[in-house]
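Subject: Structure handover

Hello,

Here is the structure I promised you. Please open it and keep it beside this email while you read.

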Amino acid sequence: MLHHVDEALLEWAYLELNPKAAAGVDGVVWHEYGQELCSNVRSLHRRVQQGRYRALPVRRGYVPKGEGQRRPLGITALEDKIVQRALVEVLNAIYEEDFVGLSYGFRPGRGTHDALDALCVGIGTHKVSQILDADIRSYFDTIDQGWLIKMLEHRIGDKRVIRLIRRWLRAGVLEQGQFSVSEQGTPQGAVISPLLANVFLHYVYDLWAVQWRRRRAQGRMITVRYADDLVAGFELESDARAFRDELRARLQRFGLQLHEEKTRLVEFGRQAAQSRARRGLGKPETFKFLGFEFICGRSRSGAFQLQRKSRADRMRKKLKEVKAELRDRRHDPVAEQGRWLGAVVRGYDAYYAVPTNIRAVSTFRHHVIQLWRRSLRRRSQNGKVRWPRMDRLAARWLPPPRILHPWPERRFAVTHPRWEPNA
């Protein structure tokens with residue numbers, strides 16, 4: 001298999017990398033490596049094919065995770081990124097034939113909105129009354145490398161490819177001058193980590209969930225997975241509880257754990273409101289998936305409608321980032337500020353402007369305008385920026401709030417034709 005990683009693929013992999021990415025322990029950045037690209041790629045290809053290529057340690061960094069926490073991020077050396085990106089392209093051709101339809105994360109031609117559409121269509125067209133919102137504790141940091149290698153060997157016969165992956169897993173981490181090697185986890189931020197994580201959960205969860213639905217479920221069942229975010233819907237509460245308990249045991253067998261505080265079983269679906277009202281309970285609970293809060297709502301005609309709303313904590317985090325950036329851009333020309341804020345609003349709308357979420361999209365734009373006005377008032381001692389002027393600036397630079405995505409069932413019918421296996 002390794003012969004597919006030729007010079008042309010390595011050069012393509014280099015061009016696919018982010019030119020602005022931080023340097024790893026080697027200190028080599030994208031532009032510097034590209035100055036002698038042909039000779040560098042030729043040397044790298046020779047070392048890979050002859051077995052003389054050695055993986056370098058991953059430089060550990062951290063990014064804010066929210067609630068005062070930080071997420072570890074591995075910054076890989078440039079040549080490691082190139083080889084990993086090339087090998088991922090080869091392995092995708094193999095594993096895309098194996099992966100089942102319920103998996104959406106980090107796969108070619110699939111994205112977050114495909115997973116959201118699948119979940120919405122599943123809840124809307126099946127008799128779902130219970131939702132299991134499962135969270136795996138520190139998934140990328142607790143993957144058992146021994147099990148991972150066994151799973152890879154089940155499909156990959158080329159020992160040189162397995163040896164390469166072992167080297168990346170055992171390359172170690174360099175943090176504040178301290179070197180360490182762990183037998184668990186894949187380095188977050190490495191190019192190959194998402195594929196390895198998908199392979200692991202393909203065997204641990206996907207295939208098992210498909211078989212559980214066929215053999216154990218007494219009622220209807222749906223499930224969607226995006227990376228380590230798992231959501232399953234059930235017609236019967238007994239199925240939901242049995243699946244949760246068996247999932248917990250299944251994950252423990254492979255060295256993983258459910259995050260008990262974040263894993264929830266909620267009553268949800270078209271009959272949830274009436275069922276809870278008969279028992280004297282309040283409105284149906286909500287659950288969160290891929291940045292949205294899912295709500296049991298009603299359409300204008302009074303029929304059940306699955307509604308999605310932007311997560312409030314994600315919106316607050318984004319507005320906090322906008323406020324900090326505006327502080328640094330305070331004395332930039334107004335036109336430059338407007339162009340940048342317009343890009344921010346368009347980026348937010350590109351993800352969150354889904355049907356039933358127009359209020360949150362409008363709210364985000366309104367808060368951006370308020371932050372912009374506050375920043376402009378601090379530019380001078382006068383400090384007078386009246387709302388008519390802000391309305392003109394907003395109309396000039398910020399796109400108006402509108403829904404950009406189609407209804408989930410329409411797009412799902414196009415992206416998942418019924419003849420597709422496991423559709």
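Below is what was found in it, from the whole chain down to single residues.

Some ground rules come before the findings. This is a predicted model, so to speak: local features need pLDDT of at least 70, side-chain atom pairs count only at pLDDT 80 or more, and totals for chains, interfaces and linings use all residues. Residues are numbered from 1 along each chain as its sequence is written, and side-chain values use heavy atoms, with hydrogens and water left out.

**The whole protein**

The protein has 16 helices and eleven strands. Both are DSSP runs, numbered from the N terminus: helices are H or I with at least four residues, strands are E with at least two. The radius of gyration is 24 Å, close to the 22 Å that the globule rule gives for 423 residues, so the protein is as compact as a globular protein of that length. That radius is taken over C-alpha atoms, and the rule is 2.2 Å times the number of residues to the power 0.38. Along the principal axes, the C-alpha atoms fill a box of roughly 70 × 65 × 40 Å.

How much of the protein counts as buried? The share is 49% of the 423 residues. Buried means under 20% relative accessible area, exposed means over 50%, and partly exposed is in between (1.4 Å probe, protein chains only). Now take the contacts with a separation of 6 or more: residues 24 or more positions apart account for 70% of them. A contact means heavy atoms within 4.5 Å.

**Helix 10**

Find residues 237-253. This is helix 10, with 17 residues. From first C-alpha to last it reaches 25 Å, close to the 24 Å expected at 1.5 Å a residue. The expected span is 1.5 Å times one less than the number of residues.

Its buried residues are Asp-239, Ala-240, Phe-243, Arg-244, Leu-247, Arg-250 and Leu-251. They cover an arc of only 135° around the axis, which puts them on the same side of helix 10. The arc is that of the directions from the helix axis to the C-beta atoms. An α-helix has 3.6 residues a turn, so residues three or four places apart point the same way.

Ser-238 and Arg-253 are exposed on the other side of helix 10. What covers its buried residues includes helix 9 (193-215) and strand 3 (130-135). Strands 6 (221-226), 7 (229-234) and 8 (264-267) are also included. Just after helix 10, Gly-255 takes a positive phi of about 85°.

**Helix 8**

Which residues of helix 8 (159-169) are buried? They are Val-161, Ile-162, Leu-164, Ile-165, Trp-168 and Leu-169.

Next, look at an open sheet with the order 9-10-11 and antiparallel pairing. Its edge strands are strand 9 (287-289) and strand 11 (304-310), and each pairs on one side only. Two strands pair if DSSP finds at least two bridges between them.

Strand 9 and strand 10 (292-298) pair over three bridges. Here Phe-287 has Phe-294 as its bridge partner, and Lys-288 stands opposite Glu-293. Their hairpin has two residues between the strands, and Leu-290 takes a positive phi near 55° there.

Strand 10 and strand 11 pair over seven bridges. Cys-296 has Leu-306 in strand 11 as its bridge partner. This hairpin has five residues between the strands, and Gly-302 takes a positive phi near 95° in it. Strand 10 is mostly covered, with five of its seven residues buried.

**Two loop residues**

Ala-227 has a positive phi of about 55° although it is not a glycine. Ala-227 lies in the loop between strand 6 and strand 7. Is it buried or exposed? At 9% relative accessibility, Ala-227 counts as buried.

Thr-356 is not a glycine either, and has a positive phi of about 75°. Thr-356 lies in the loop between helix 13 (334-352) and helix 14 (358-377). At 32% relative accessibility, Thr-356 counts as partly exposed.

Best wishes
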